[in-house]
Structure formats: C-alpha cells, structure tokens
Amino acid sequence: MSHSIEIKEGAYIISDAHYSDDRVQLLAFIKAIHSKELKPTQLILMGDIFDALFGLIDYTYETNQEMIDLLEVIAEDIEVFYFEGNHDFNLKAIFKNIQIFPIAKQPLLASYKNKKIYLAHGDFDAPFGYQLYTALIRNPFMLFVLKYIDIALNHFIINKIEGHLDKKDDCKELVWFEDFIQKRFRNKYKCDYFIEGHFHQNKTLRLNSFTYINLGAFACNQRYFIVKSVQDKELLEEHQFSNER
C-alpha cells in the first residue's frame, strides 16, 4: 500500500472536539490558527470535530457555519486533512479545500520521516450492525428523505439528535479499553504507529508490532497534539489550549 499523505513536523492533530453551541472552545482555537497566533504546518482533524455536521443536511450547517468558513480559509494556506467520524460525515458536500477521508478509506497509511503511521477516527472496524447503521445514515437517498421529513417537522429530528448528543459524557474512562485494544489489533497492521480518536482515552499502548495511540478528546480539556519527534522522544507532544492569554 502506498502512503497517501506525508505528515510534516509541526502538524497539529485534533480529535473529538464535538463542537456545538454548548462546546464552543474549539472556535477560539481555530481562530488562533486563522490569525496565525498558532502556526501548524498541517492540520489533521481526526473526526467528531463537530457534534453534528451531516453533509446534505443543510440545517446542520447553520450553527457551524463560522467554523466551516474558518477551516476553509485555513485550508487555502496549509494542508488540512479531515478523517470523518460518526458525528461528521459526507463532508465533501461541505468542504471544497479540505482533503476528506470517509470511513471507507480508513485506516489510512501515512508517512512521517521513516515511520509508517495508520490514521483513523476509530470506528472503521465496528461490528456489522454498527457498520450497517453507518452505511444507512451516510446514504444520499436516506439523507434526502431525512432532510425533508425534518423540515416538515420544523427540525424536530435534528434538534432531538443534538439534544441527545449534548447530554453524553464524553470524558469517562473505559476500564475495559486496554484489553479491548490488545484483542482488536492482535496480529494486525505492520506499522510503527496507529493513531485514532473516537474512544477519548488519551492513552498510548505498546503492542507487539507497533505503538497504539488513542488521542485525548479536545472536548474534554482542549487537548491537541503536535507532531514533534526527536530521537528518543514520543511522536506526539501533548498541549492544552487556553484562550485566556
């Protein structure tokens, strides 16, 4: 498999910000990049950046429009890669300047110097029932039908979904996580690193043949990661954003 993207030193990686009216911290962070107060060499968005952004459902664009516009402008200056999550998909209908990787193209094998790195949101190998669900909700015809039913119901469906998502606990520790990852990746993938989000655990595990990194969620405490590996140091340097400067 050829490498699809080349990761640069100084790239910023962000996962699971779940941006919404109730979680606005990401907007200040993106504005800091837009104003060049923060200067990533690339921006890698690992999915669930928005809490609800569905391509072809125009209503979900409305509260997210400022963020969408800022990301599009940033992508005119630096490379922006967006790995779709389960809260943000069919994004090619929204973003013109950003390179989009839908779930069907995940995990993506990337390169960084002499390292092979797989990147994914984290739900690409879920059980069949989940995969059927994700295929249905991404289907353009299903979204077309949903869009007009939602309009007829004065956006009851989308508002109900957003209300449900706002109540979720995005920061809980999963006690079963390490065993789950050990079994899930046993004898799979030849690489140096496998990086994903989705589970919000902020953990690094040394598996048999590679290092697994589950990214911390930006939604929990505004964590983000900078690619900055020097000899014996880790691949990712963890940072915490604060707009109180």
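## From an exposed lysine into the sheet

Leaving aside residues up to four places away in sequence, Lys113 touches Glu9 and Ser229, where contact means heavy atoms within 4.5 Å. A word on the ground rules: this is a predicted model, in which local features need pLDDT of at least 70 and side-chain atom pairs count only at pLDDT 80 or more, while totals for chains, interfaces and linings use all residues. Residues are numbered from 1 along each chain as its sequence is written, and side-chain values use heavy atoms, with hydrogens and water left out.

Let's stay with Lys113 for a moment. Its place is the loop between E8 and E9; strands (E, at least two residues) and helices (H or I, at least four) are DSSP runs, numbered from the N terminus. With a relative accessibility of 58%, Lys113 counts as exposed; the classes are buried for under 20% relative accessible area, exposed for over 50%, and partly exposed in between, with a 1.4 Å probe and protein chains only. The Lys113 side chain makes polar contacts with the side chain of Glu9 at 3.0 Å and with that of Tyr112 at 3.5 Å. Such a contact is a pair of N or O atoms within 3.5 Å; within protein, one must be able to donate a hydrogen and the other to accept it, and residues adjacent in sequence count only if both atoms are side-chain atoms. Gly10 is 103 residues from Lys113 along the chain, yet their C-alpha atoms are separated by 12 Å.

The hairpin of E8 and E9 has 2 residues between its strands, and there Lys113 takes a positive phi near 55°. Strand E8 (residues 108-112) itself is mostly covered, with 5 of its 5 residues buried. Leu108, Ala110 and Tyr112 point one way from E8, while Leu109 and Ser111 point the other way. In a regular strand the side chains alternate between the two faces of the sheet.

Now step back to the whole sheet. It is open, has 6 strands in the order E1-E8-E9-E10-E12-E11, and its pairing is mixed. Strands E1 (5-6) and E11 (203-206) stand at the edges with a single partner strand each, so one side of each is left without a neighbour in the sheet. Two strands pair if DSSP finds at least two bridges between them.

Walking across from E1, 2 bridges join this strand to E8 in parallel, with Ile5 opposite Ala110. Next, E8 runs antiparallel to E9 (residues 115-120) over 5 bridges, and Tyr112 has Lys115 as its bridge partner. E9 and E10 are parallel and joined by 4 bridges, with Ile117 partnered by Tyr193. In E10 (residues 193-196), Tyr193 and Ile195 point one way and Phe194 and Glu196 the other, and all are buried. A further 4 bridges link E10 in the parallel sense to E12 (residues 211-214), where Tyr212 stands opposite Phe194.

Another residue worth a visit is Glu84, in the loop between strand E5 (79-83) and strand E6 (88-89). Glu84 is buried yet has no salt bridge, and Arg138, the nearest side chain of opposite charge, is 4.4 Å away. Here a salt bridge is a side-chain nitrogen of Lys or Arg within 4 Å of a carboxyl oxygen of Asp or Glu; Lys and Arg count as positive and Asp and Glu as negative, with His and the chain ends not counted. The Glu84 side chain does reach the backbone nitrogen of Asn90 at 3.1 Å.
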